[in-house]
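Trainee: Could we go through this structure together? I would like to know what stands behind each label.
Mentor: Gladly; ask away.

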Amino acid sequence: MFSHSSQHTELHKTILRGGEQPVVQKCQECCSLYHCPYCGPEMFKPTIKSKCLKHLQGHRRRAIRHKEFFIFKCHLNCRSAPHFHCVSCTSTFMRKDGFLKHLAMCENKTPKIMVIEVKSEESYPTSEPVTTVSPAATASIAEEMPVEQRCKSLITGDTQDIWKRKGSLGEHLYTKNFTDEDTVGLRPTEESANMGPTGEGGIVAEQVSTGKVLVEEENPLVHSVVDLSVSVGDHSASISSVNPHSTETDVAIQTLVNEIFLGHTPVECNTLQRPRSEAQDLCPFCGLMLNRKNLQVHLRRKHPEEVSSQENPALAQFKTTKQQRLPLRQQQKIAMESEIRDVFRHCIKFPVPISASLVTDDLLDSTSEKRCITILTRWSQCDLERGRKLGFAQRWTLLCKRNTIEHVLPSGTSTQIHGELLSCQSPFGTSRAVIREEAGHQHLEVWGQNGLEKILDLTAQNKHGKVYEDEQFACLAWSPCEKKLLYVAEKKRVESSAQSSFASANEDGGVVLLEEQDKNVYVEDWGEGLVGKSCPVLCVADLNKGAVIVYAGVPPHISPGQALWAPNGRGIVFVGQWNEPFRLGLKFCSNRRSGLYYMDMKGNCECLSSEGVSVSSPRMSPDLHWIVYLQGQIFGPHRQCLSMMLYDVKNRTTSVLVDVVRRAEKGQFAGIYESLPSQCWTADSERIYFNSACENNKAVFSVDRSTGRIAQVCGLDSLRLDNFGSVQLLTIQKDVMVMRCSSPNQPPCLKVAFLSPVDLNMHFSNLGGADVYEGFDWQPMLITPPSQEENHQFSGLNFGAILLKPYSTPERRKSPLVVNIHGGPHSHFAAEWNATAAALTELGFAVLMVNYRGSTGFGQDSIESLLGNVGSQDVEDVQRAVLCALQNESTLDPDRVVVMGGSHGGFLACHMIGQYPDFYRACAARNPVINAATLLGTSDIVDWRYSSVGIKYAFDRLPTPQSLTTMLEKSPIIHAAQIRAPVLLMLGGRDRRVSPHQGLELYRALKSRNIPIRLLWYSDEGHSLSKVNTQSDCFFNIILWFREHLN
């Protein structure tokens, strides 16, 4: 009735040998674009060739290397979900760990009884004798037979009972319901079900993972023939052509055959998960999956010799099943943990360019104007193995003709940077200054063409304390004559005297003795991230004399920083932070009272800016005639939209170059929110270039010094930069622009170009970086709140979000959604590379990053709208963004939504699970604000505790019952009784911004109510939890927490 034989000799299209490459061809049927050879059009939409090749790089990264083969994950219609194809047989697996296990087993199988021939009753007479082949005979004959004939054998007449058992087993298992989505098999049709287990002609057809089984049982006396695909060396025989995927019936039948004939050959499969009450273990000898209560019976009946051999002390490790082989659940947990670590290691390994400088600019040919430019770039990279951040440098050589880059020469090997705090290229480009810390000593090094030319031991000079390297105070600047270097260090406060008394430097740099009782006097510092930094001083290293001078003359209520040389080196221009009546936290705060000051070499100091404002980022023009700086208001929002001021050095006048933007039109310039690049002027001193947030992106803008006209230089719509989501300007020197480009699915890379009179005509060249395209999609969202959620004082405001999602999967496998909320609250999620978000998406989660009203990039009105509305307006915005994403994306699972965030993002995450207790399944919060009232006396930014709830702050303000009540009412702690979602807390023991006792308040509240909560305490971490090992541990625990509570 049936006659069929085949052999598995052709490799699936998703399996390539070592040197082969995927074939990408233009579609000639449905479109003129390019299809992914491993994905159907519903999984990866046809696109241009470059994007298709980038997509294939993601396939290549996730491919499995097995001997000489590359096995890519198949997204075609072979199965309803992505899977891998075996190189030796027709089996397919969706889980990587199970597939790797199958590969090891499949290649080690040795055939003992093999039948690949099936014939009908007419072609196989009943009277035909049956040949029996023993294992020994098979082994002796195999050497003389070809592969096709080696796989042929008949079954002895003693096997008739086996076919009966298998037929009844198939009949029994046919009645089971296959509802698990990982189980793919052949269901009996209604007609065959009505005919019973044998059907017409006595045939029961079913497929197993190693081939197709055909059982003929019309007459129990008639010898039946079984077709099993068995690997022989590197070959595999099979007759399966319809559906190669195993079912529970197939595994049971194959197990029965293995149990009697094949000894201990295991069968790999994807089977239906059994209830927890029917826990299973693997047999340590044959690999069969058995109920625990039946395991001992199985061992006594099938493996009596092996069990008795365990009495040997040498085999003591096999005394129990758990000792011999881990339970399947524990194996899956180990595999899952390994997958999480591997994915995070992959996403965090990409280096990030942090600075660039033009080192040399040599004219090669004056006639043709050919130039050779050398650019030095510095990068940061996380080393997860050693738990630290590495720095390295690369040099790039540009061959240019006039203002066009013709060739970019390879950079060569990167050079690791050890202990470097600050560095600066000299004005003429002949020397480079470096401040380096080694073995507790800080040195000033000057490097030239002949290597190290000068070195000063700043610690041995004993003129000051540690050199500052932070963004708020630090600087390193060459004098115009290249004989002096300017930097900022901590004032030397005390030193021991011979009489065990203490000394301190006074304003003139001298030493005054302190009484014994003064040694424990409290010393203020500048808060989170600036611990131990209290009294900075201006220092100048004279390279000719080899001496360090600490300049006096700065008023005692001023802390100097961000200094630069005045024209001709006759004085110093610096930013002075007010430190009276006491210091407030400075990091991430642009609302601290400060001013722009000038001090000559005699110690005379004067203020160049207005009083009662905040000042930052002074930048001198190349012609030394102009200074631009940023100016903002004091108190109020701690991050705000800033104005750019222009100071005329010659006329000593100040004007507004770029004003504060209250609100912007869609896609237009929305204001300045971050510091200026260290080199931001064009060579002719006519234009200034800067970075700024613009809705969900970061872009580069230029402003004309004469007219104040602002133009967008680099962004999604301005330049064809391979659709990067965000760009960041690193430097502009001699009209050469270097910038960092990235997207949520594209790690950072460097681009370089010459400036042109029309910014849109610039041609960018690549300077290296990760040239990969991760396998997920992203899209920006612009959301308008409904009328009931409007802020009537600031009506008509929009807010944004960025959605990252895995490539579309079948509708029945929807992605869980992670709602990620930024801190601040006045900060910003940009469409740039984010290792945490990328790793979450790679692990199958969709990620929604919300820029609620109050985020930067949407104008000053949006920022001010949040004052007094924390805990309500921002909570509504986050929930509105989640509902919009779920409504617009059918691939997201509304029943599996979790939330995470840090600082104010943790504050909002705890609000979400308290105000929407039935919506979110789990929560992960890093250093969250839980009770604003109790945080009032422990935070380094006490002013924000008042401003956030709409109360104006002053240094002499004292808390009142009304203000404390308002703070409490806007805190998540009042919703603790409604929280039902499991909570993971991650706290830094040295956090100065949000005390770790905030998290402990929520911990105790939920613990007392039996709500699942887990607390991770990092004793040596601050607010950012920024150490590499801490980042890795936090991510690992977050994924495990979400997966545990999302099932």
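What follows is a conversation about labels and the cut-offs behind them.

Mentor: Keep in mind that this is a predicted model, where local features need pLDDT of at least 70, side-chain atom pairs count only at pLDDT 80 or more, and totals for chains, interfaces and linings use all residues. Residues are numbered from 1 along each chain as its sequence is written, and side-chain values use heavy atoms, with hydrogens and water left out.

Trainee: Why is Cys-400 called buried?
Mentor: Buried means under 20% relative accessible area, exposed means over 50%, and partly exposed is in between (1.4 Å probe, protein chains only). Cys-400 has 1% relative accessibility, so the label is buried. Cys-27, at 11%, is buried by that rule too.

Trainee: What makes β14 and β15 a pair?
Mentor: Strands are DSSP runs (E, at least two residues; helices are H or I, at least four), numbered from the N terminus. Two strands pair if DSSP finds at least two bridges between them. Strand β14 (residues 370-383) and strand β15 (residues 388-401) are joined by 14 bridges, so they pair, and they run antiparallel. Arg-378 stands opposite Ala-393 in β15. The two strands form a hairpin with four residues between them, and Gly-387 in the turn has a positive phi of about 65 degrees.

Trainee: Which strand holds the bridge partner of Cys-400?
Mentor: The partner is Ile-405 in β16. Strand β16 (residues 404-409) pairs with β15 over five bridges, in the antiparallel sense. This hairpin has two residues between its strands, and Arg-402 in the turn has a positive phi of about 55 degrees.

Trainee: Why do Arg-386 and Asp-383 count as a salt bridge?
Mentor: A salt bridge is a side-chain nitrogen of Lys or Arg within 4 Å of a carboxyl oxygen of Asp or Glu. Arg-386 and Asp-383 come to 2.4 Å, N to O, so they meet the rule. Arg-386 is exposed at 52% relative accessible area, whereas Asp-383 is buried at 12%.

Trainee: What does the salt bridge of Glu-889 and Lys-805 tie together?
Mentor: The N to O distance there is 2.6 Å. Glu-889 lies in the loop between α15 (873-888) and β48 (892-902), and Lys-805 in strand β45 (residues 799-806), so the pair ties together parts that are 84 residues apart in sequence. Both Glu-889 and Lys-805 are buried. By this rule the count comes to 28 salt bridges.

Trainee: How do you know that Lys-1027 is partly exposed?
Mentor: Lys-1027 has 39% relative accessibility, so it counts as partly exposed. Lys-1027 forms a salt bridge with Asp-1020, the closest N and O atoms being 3.0 Å apart. Asp-1020, at 38%, is partly exposed as well.
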